[in-house]
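Visitor: I would like to learn how to read this structure. Please take me through it feature by feature.

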Amino acid sequence: MTPDSASGDARPTSRHIDRAGLVIAAALAVLAGVLVWDAIQLRTNTIYGMGPEAMPIVVAVGLGLLAIGNLIDALRGNLPPRESADPRAVLLILAGLALLIAIIGFGGGFILATSALFVTTSAAFGRRAILADSAIALVMSTLIYLAFDRLLTLSLPAGPLERLL
């Protein structure tokens, strides 16, 4: 360890390549490539403007930038140390995604499905205010639904709450 002259912090002199970071960077790059390939395969009938292939390409560019940043940090050894794995958080997020799919599949609509995902994700991050999170989720998902439905005229899965609007 050598002290940093500017801040007085002790930093390790030898840096090692973070192998897990390299794997994550590669996975992000592969996912970006799959999105671009899938977007190219879309058959579009748009005469003007952007078609449905635009958004996957935008997401792929974002994932590509994340992959590059992660690769650089992994090669420099700058990624933060990982904590021990907690399967509870992953299981809560997976349960939220399963609820999202089930609620939409059974006709519950976008607002309820997105709210369920929001609440389970906030619980996965350690938040315990389920009633407050539910209220926040309902308001946010309703505003998002209205923005897509009324402003952008894009349809989202409709359920009982959406039909009231």
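Visitor: Which residue just after α4 takes a positive phi?

Guide: G126 does, with a phi of about 100°. Helices here are DSSP runs of H or I with at least four residues, strands are runs of E with at least two, and both are numbered from the N terminus. This is a predicted model, in which local features need pLDDT of at least 70, side-chain atom pairs count only at pLDDT 80 or more, and totals for chains, interfaces and linings use all residues. Residues are numbered from 1 along each chain as its sequence is written, and side-chain values use heavy atoms, with hydrogens and water left out.

Visitor: How many helices and strands does the protein have?

Guide: There are six helices and two strands. Read from the N terminus, the order is β-β-α-α-α-α-α-α.

Visitor: What should the 15 residues of α4 span?

Guide: The expected span of a helix is 1.5 Å times one less than its number of residues. For α4 this gives 21 Å, and the end C-alpha atoms are 21 Å apart, so the two agree.

Visitor: Which residues of α4 are buried?

Guide: Buried means under 20% relative accessible area, exposed means over 50%, and partly exposed lies in between, using a 1.4 Å probe and protein chains only. In α4 the buried residues are F110, I111, A113, S115, A116, V119, T120, S122, A123 and A124. Their cover includes α3 (87-105), α5 and α6 (160-164). Over the protein's 165 residues, 20% count as buried.

Visitor: Is T120 buried or exposed, and what is its relative accessible area?

Guide: T120 has a relative accessible area of 12%, so it is buried. Contact means heavy atoms within 4.5 Å. Leaving aside neighbours within four places in sequence, T120 is in contact with L92, G96 and L99.

Visitor: At what angle do α4 and α5 pack?

Guide: Axes are lines fitted to C-alpha atoms, for helices over the stretch in contact, and angles run from 0 to 180 degrees between N-to-C directions. Helix α4 (residues 110-124) and helix α5 (residues 130-151) pack at about 140°, with axes 8 Å apart. Angles under 35 degrees count as roughly parallel, over 145 as roughly antiparallel, 65 to 115 as roughly perpendicular, and the rest as oblique. The pair α4 and α5 is therefore oblique.

Visitor: Is the crossing of α4 and α5 left-handed or right-handed?

Guide: A crossing is left-handed if the near helix is turned anticlockwise from the far one by less than a right angle, and right-handed if clockwise. That of α4 and α5 is right-handed. Among the residues making the contact are F118 and V119 of α4 and L138 and M140 of α5. Ala, Val, Leu, Ile, Met, Phe, Trp, Tyr, Cys and Pro count as nonpolar, Asp, Glu, Lys and Arg as charged, and the others, Gly among them, as polar. The α4 and α5 contact has twelve nonpolar, six polar and one charged residues.

Visitor: How does α1 pack with α2?

Guide: Helix α1 (residues 19-41) and α2 pack at about 160°, with axes 8 Å apart. That makes the two roughly antiparallel. The crossing of α1 with α2 is left-handed. Its contact includes L28 and L35 of α1 and L63 and N70 of α2. By class, the contact has 20 nonpolar, three polar and no charged residues.

Visitor: Where does N70 lie, and what does it touch?

Guide: N70 lies in helix α2 (residues 54-76). N70 is buried, at 17% relative accessible area. Not counting residues up to four places away in sequence, N70 touches G21, I24, A25 and L79.
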